[in-house]
Amino acid sequence: MSENLDKSNVNEAGKSKSNDSEEGLEDAVEGADEALQKAIKSDSSSPQRVQRPHSSPPRFVTVEELLETARGVTNMALAHEIVVNGDFQIKPVELPENSLKKRVKEIVHKAFWDCLSVQLSEDPPAYDHAIKLVGEIKETLLSFLLPGHTRLRNQITEVLDLDLIKQEAENGALDISRLAEFIIGMMGTLCAPARDEEVKKLKDIKEIVPLFREIFSVLDLMKVDMANFAISSIRPHLMQQSVEYERKKFQEILERQPNSLDFVTQWLEEASEDLMTQKYKHALPVGGMAAGSGDMPRLSPVAVQNYAYLKLLKWDHLQRPFPETVLMDQSRFHELQLQLEQLTILGAVLLVTFSMAAPGISSQADFAEKLKMIVKILLTDMHLPSFHLKDVLTTIGEKVCLEVSSCLSLCGSSPFTTDKETVLKGQIQAVASPDDPIRRIMESRILTFLETYLASGHQKPLPTVPGGLSPVQRELEEVAIKFARLVNYNKMVFCPYYDAILSKILVRS
């Protein structure tokens, strides 16, 4: 069932900053769109979607509407990626080997440089193409300058004066080598330290055509460096304005595609129903019940939202569509889900090991850390298709028993008996089953910890780690912080939509 959102209310909720700042952000993002969109990974892509439920009869849309919607999604995803991913950078485009695009590019480039070589070999040389290249280089160098670089701007404009260069060419007085030397020197002044070696190599090239070819190659790299510098410069501005910007862009999409909240509505409805009926009380933390005026408990909207976010950590990404408002972070939620699954297995193995071993062995920090690292290494490829958990747990059981026996021997404790080894190996192998009681306990406690952290408002210090999770406390807290950051940012952007949907869902509850 789908509920349409009152768009006017959402629009009012999104107007907390000035229009000027929103327009400035939009200009910054859209201006960088062409250069950056190829570098965005398909974080927002999702597996094959099921049939979308319609809240109203489908309508035909024009190509222009589709293109405008796609452009809005691209810009919103770009701003989101820059803000959320602190390591986001542009990478030089590398075409696949033997691809059609790469072959066409090589053929076209070869033809161009061959033509330039022929012109320069004429008697007298024809400099038409060469002068055009110098003009392109001039514009590129000027684009690297900041407003305060007046002296450098004057130098470039004076030395690379195209009118003067044309006159010198017509009179047979043009010295291409002198221009190339100036260009290389200016590139060395403007390039990032990481490009010093590439610029230095240009000085060793004596032939004009190969030199110009390499100059353009290095300039392309410098453009990428400049784009990344621009990203790092505008990131603080984006952080301040991105909430309003993303909400505005999503509202525009929603106005063109009114059913763009159908999966969000389903997601929140399920969370509400699960909390009310405690359907998954052994798999997900149940809480958030507030006393109502009647006999039935009343659900808190915040508790439903937090519970809904926890459900994303147990999502079936292959079979279920991801809610629209968290779609741009699907890959991040999926990565956290995989990390938590690995932590669940790791915690379960350590719990049964320390329970079976002699009392006090778990208190030896060095041994506990060593054992954890061994198990972590063996679980590294846990989510690859070629990974077989049952076989790996058999190996882990053998290795754990050896380590426990060695530790007991060094401590002078009673040796680890064969019967205990057999039991421990069996318990470790049993963890392979999702229905294993130890595994389910660890999963439940991990999700309880995350739910408590969300409910605490992400305050420091973090909540106390539930019993049995101490060996993986550091890893769990790192995941909790990443998870809370994603949730907090998503709430800031889309909370008006969630509130509007939940106000209708909870009235029916």
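In this predicted model, the side chains of Asp274 and Lys311 meet in a salt bridge, with N and O 2.8 Å apart; the term denotes a side-chain nitrogen of Lys or Arg within 4 Å of a carboxyl oxygen of Asp or Glu. This pair links distant parts of the chain, as Asp274 belongs to helix α11 (residues 262-277) and Lys311 to helix α12 (residues 301-311), 37 residues apart. Helices here are DSSP runs of H or I with at least four residues, numbered from the N terminus. Both Asp274 and Lys311 are buried, that is, under 20% relative accessible area, whereas exposed means over 50% and partly exposed lies in between (1.4 Å probe, protein chains only).

Residues are numbered from 1 along each chain as its sequence is written. Local features need pLDDT of at least 70 and side-chain atom pairs count only at pLDDT 80 or more, while totals for chains, interfaces and linings use all residues; side-chain values use heavy atoms, leaving out hydrogens and water.

Salt bridges also occur within single helices. Lys110 pairs with Asp114, their closest N and O atoms being 2.9 Å apart. Both lie in helix α4 (residues 100-121), four residues apart, about one turn of the helix. Asp114 is partly exposed, at 38% relative accessibility. In helix α10 (residues 208-256), Glu252 and Lys249 are three residues apart, which again is about one helical turn, and their salt bridge spans 3.6 Å from N to O. Of these two partners, Glu252 is partly exposed at 23% relative accessibility, but Lys249 is buried at 5%.

Overall, the structure holds 19 salt bridges.

Key. Helices (H or I, at least four residues) and strands (E, at least two) are DSSP runs, numbered from the N terminus.
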